[in-house]
Amino acid sequence: MPQPPTHLADEIGIALGNLADAAVAPFTPTLRLGVTGLSRSGKTIFITALVHNLLTGGRLPGFAPLTEGRFIGARLAEYPDAAVPRFAYEQHLGALTGKIPTWPESTKRISQLRLVLKFQSNRFLAGALGHSTLNLDIVDYPGEWLLDLPLLSLSYAEWSAQALERAGRPHSRHEGEPYINAISTLDPLKDANDRDAEALAIAFTEYLRASREDGRALSTLPPGRFLMPGDLEGSPALTFAPLPPQHGQVRSSSLYAMLERRYEAYKQIVVRPFFRDHFARLDRQIVLVDTLRALNAGPAAVADLETALTDILSCFRQGDTNPFIRLIARRIDRILFAATKADHLHSTSHDRLEAILNRLVASAARRAKFAGAETRSLALAAIRATREGAIEEGGEKLDVILGAPMPGEKLDGITYDGKKEIALFPGDLPANPDSLFEDGEPVALNFLRFMPPQKLDRNAEGSIILPHIRFDRALNFLIGDWLR
Ligand code: GDP
């Protein structure tokens with residue numbers, strides 16, 4: 001049964017009202033769902049859609065508790081951990097449903113939100129006792145932060161050696177050279193001072209950023225907070241960079257020793273608490289992957305994304321040498337890999353997109369089972385910005401998508417203004433995903449960013465319906481079994 005009418009203003013009211021209502025029944029079970037992915041993979045959109053769909057009983061035919069008529073409703077509740085920022089749901093929904101709908105601002109730090117779900121259990125005893133409730137805690141965090149896990153078992157000298165070796169590799173030369181040059185004229189054993197430390201941290205961050213530029217590599221190297229600092233921007237724990245390893249005793253007042261101390265502080269006050277207080281407490285995880293952006297950028301970017309995913313996913317593996325992982329990995333029992341923005345393709349290509357995602361995560365999966373967790377891959381669009389159509393070209397029927405490209409998007413010499421709607425044939429994804437990883441002819445694909453849907457339907461109760469693709473299936477996999 002859908003829940004009573006809610007409009008945006010009502011939802012804000014619910015949220016505020018519930019701040020005073022922290023008293024959720026003490027025995028209510030809690031499911032902690034982690035939502036992660038690299039920057040711009042679609043976390044903010046996914047969570048906004050998730051919350052809105054549950055609050056309004058959205059169009060979710062693949063979400064069993066709803067189709068079986070057992071889902072009663074959801075409401076926002078105060079989050080028990082006051083130290084963590086709240087996911088700005090109302091603000092994000094406001095952007096998507098405003099007079100001129102726009103995409104909201106992306107995830108830059110950790111945030112959380114609690115929904116209380118009410119349902120009719122179909123288990124004999126629970127069902128007979130009336131309604132059941134579940135706290136759904138959604139934890140949104142940058143995937144970049146997961147790349148820091150290996151640092152916990154590396155000394156400053158070991159990390160420096162790795163980082164400098166990577167920066168000096170031939171294919172990284174363009175991005176790495178300025179940093180390598182900056183340290184080549186510097187004596188690591190000179191007296192420590194903040195100016196040098198800051199200048200090095202800035203130069204190293206620049207190198208990390210350049211390695212991720214659009215159309216180039218997609219992988220990210222640690223430290224994860226250098227590009228996604230969250231609230232720690234400018235703090236000393238983030239003001240370090242690699243220096244050539246030194247042999248023997250190092251003077252404690254030297255620059256080298258200062259940066260070494262800051263590296264250790266980064267591990268102690270940034271990395272470890274994140275894994276211990278947030279990551280380790282998750283029950284379920286969705287990893288969002290912007291597969292299409294990598295495909296657009298070519299085979300090197302695809303290979304790079306595969307490396308980044310393998311690094312990220314190693315956090316979910318068991319039996320690794322890092323004792324921290326053993327501590328963490330046991331809890332998460334389901335992981336969903338989602339290729340986001342599937343609305344950039346015609347539905348006839350969705351299965352192929354899923355196959356490519358499977359291939360991308362396969363090497364990580366092969367290396368070790370994900371701590372016994374059940375895994376699945378799905379191509380989805382949390383918010384569908386396009387419609388489908390067909391055009392004829394040279395006597396051939398082409399499946400196209402219709403939508404308004406974002407202002408500034410370019411194709412065939414035309415720059416779009418965000419208003420003009422076009423029919424786009426994005427190209428065919430290869431039937432064999434392996435071909436994407438091989439050097440050779442890049443696949444000719446055209447993906448443009450589209451404006452969010454400009455006209456949204458409302459349900460019988462007047463709530464906005466967010467269109468999606470396979471989002472209901474994702475929801476069912478992630479939380480459906482907890483609502484039985
Ligand atoms: P985050 O950095 O992971 O939080 O990424 P966002 O959720 O902010 O998404 C980044 C951008 O990707 C958005 O601004 C949208 O342009 C686009 N995007 C995300 N999800 C979808 C989707 O389901 N469909 C479409 N068409 N675009 C999406």
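The largest cavity in this predicted model is lined by 14 residues, and those nearest its centre are Leu38, Ser39, Ser41, Asp290 and Leu305. Two elements, β5 (284–289) and α12 (299–313), each give two or more residues to that lining. Of these, α12 provides the largest share, three residues. By class, the lining of the largest cavity comprises seven nonpolar, three polar and four charged residues. The volume of this cavity is about 120 Å³.

How many cavities of 30 Å³ or more does the count give? There are four.

I turn now to the second largest cavity, which holds about 70 Å³ of space. Its lining consists of Trp159, Gln162, Ala163, Arg166, Phe204, Tyr207, Leu208, Leu221 and Pro222. Here α6 (156–167) and α8 (194–210) each supply at least two residues. The largest share, four residues, comes from α6. In terms of class, this lining divides into seven nonpolar residues, one polar residue and one charged residue.

The largest pocket has a volume of about 1,200 Å³, and 40 residues line it. Nearest the centre of this pocket are Arg40, Asp290, Arg293, Lys341 and Arg449. The elements giving two or more residues to the lining are α2 (43–56) and α11 (291–297). Which element gives the largest share of the lining of the largest pocket? That element is α11, with four residues. The pocket lining as a whole divides into 16 nonpolar, 10 polar and 14 charged residues.

I would draw your attention to Asp290 in particular. This residue is among those nearest the centre of the largest cavity, and Asp290 is also among those nearest the centre of the largest pocket.

Where does the ligand sit? The ligand is found in the largest pocket. Around the ligand there are 19 residues, and the closest are Arg40, Lys43, Thr44, Ser106 and Asp343.

A polar side-chain atom of Lys341 lies 2.9 Å from an oxygen atom of the ligand. For Thr107, a polar side-chain atom is placed 3.0 Å from a ligand oxygen atom. Ile45 contributes through its backbone, with an N or O atom 2.9 Å from an oxygen atom of the ligand. How much of the ligand does the protein bury? Taken alone, the ligand exposes 570 Å², and the protein buries 98% of that area.

Methods. Residues numbered from 1 in each chain as written. Predicted model: local features only at pLDDT ≥ 70, side-chain atom pairs only at ≥ 80, totals over all residues. Heavy atoms only, no water. Near = heavy atom within 4 Å. Polar contact = N/O pair within 3.5 Å; in protein donor to acceptor, adjacent residues only side chain to side chain. Areas by Shrake-Rupley, 256 points an atom, 1.4 Å probe, with all protein chains shown as cover. 1 Å grid on protein atoms, 1.4 Å probe; cavity = no way out; pocket = protein on both sides within 12 Å on 5 of 7 lines; lining within 4 Å. Sits in = over half its atoms within 2 Å of the grid points. Points joined across faces, edges and corners; volume = space filled by probe spheres on them. Nonpolar A, V, L, I, M, F, W, Y, C, P; charged D, E, K, R; others polar.
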